Amino acid sequence: LLFAVFYVGPLLILIFASMKSLPDFFADPTGLPKSFELANFGDAWELANFPGFLVNSLIYTLVGTTLFVIMSVFVAFPIARGYVKGAGALLTLYVVALFLPPALIPQFQLILNLGLFNTRQGYILLFLINPIALIIMVNYIKSIPIELDESAAMDGCGYMRFVWSILIPLIRPAIATVTVIHAIGIWNELILANVYLTNDDLFPITKGLIVFEGVYGSDWPKLAAAVLMLMFPMLVLFMFLQRYIISGLTSGAVKG
């Protein structure tokens, strides 16, 4: 119960703040709202340009997550089975990558030299690597009996057909887990958007939150309302995939 208070408390404060007027917020930032200012949500929707930026975020999240999940399956499968030379070393490199800082400067130079700066393609390309998600996928695939591979090969099942028809249905919990982890990462990204995008038409929804930050102060109630609206799509995704996520995380953590 104590830890639940630490987790739920800030969320409740955020909800309360989204329903206050600005004077009420400054009078009592953490208390219950005296009047429910639901207009904050409508104002935040307009001020943060949610309709325009929301489309961009949906494109980045859907395309980036789909490409990453497909690629991670085809990368994780041969590593998990040892079908490529140095599979153990490759997995070790992904583990080491978890402890390395973001290579922002060389990454920026690469995107710039490829002519992908300030483009949707270049921004999506940044999200095609996620070490923790790939490690979860590798460890989950290791829990699938290798006899399935041998039986499928004896029956004349090709590599692509085996992956699409047999492997992917068996690793749905891992795919759901990786999907949620990766989608949340793209949806909440702000630093890369500030570095790689300068065109207002390409900004994700997180850039819209900056409008609530003023020189002489911030409109905290409207910012809180915007954050709650920003959270809703990922909450829906989590609720839709939650039955797969626990088994995916558990198997991906302990099987190896």
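**View 1. Lysine 222, a buried residue of the predicted model.** At 16% relative accessibility, lysine 222 counts as buried, a term for residues under 20% relative accessible area, with exposed meaning over 50% and partly exposed in between (1.4 Å probe, protein chains only). Helices (H or I, at least four residues) and strands (E, at least two) are DSSP runs, numbered from the N terminus. Lysine 222 also forms a salt bridge with aspartate 219, at 3.3 Å between the closest N and O atoms. Through shared partners, Asp43, Asp219 and Lys222 are joined into one network.

Residues are numbered from 1 along each chain as its sequence is written. In this predicted model, local features need pLDDT of at least 70 and side-chain atom pairs count only at pLDDT 80 or more, while totals for chains, interfaces and linings use all residues; side-chain values use heavy atoms, with hydrogens and water left out.

**View 2. The salt bridge between arginine 81 and aspartate 149.** The side chains of these two residues meet at 2.8 Å, N to O. Arginine 81 belongs to helix H4 (residues 50-81) and aspartate 149 to helix H9 (residues 147-154), so that the pair, 68 residues apart, links distant parts of the chain. Both arginine 81 and aspartate 149 are buried. The whole structure contains three salt bridges.

**View 3. A nonpolar patch on the surface.** Leu11, Met231, Phe232, Leu235, Val236, Phe238 and Met239 form this patch, with about 620 Å² of accessible area together. Patches are made of residues with over 30% relative accessible area and no salt bridge, like charges being joined within 9 Å and nonpolar side chains (Val, Leu, Ile, Met, Phe, Trp, Tyr) within 5 Å. Areas come from the Shrake-Rupley method with a 1.4 Å probe; for residues, only the protein chains shown count as cover. Helix H14 (residues 220-254) supplies the largest share, six residues. Phenylalanine 232 lies in helix H14 and counts as exposed, at 53% relative accessibility.

How values were computed:
Salt bridge = Lys/Arg side-chain N within 4 Å of Asp/Glu carboxyl O.
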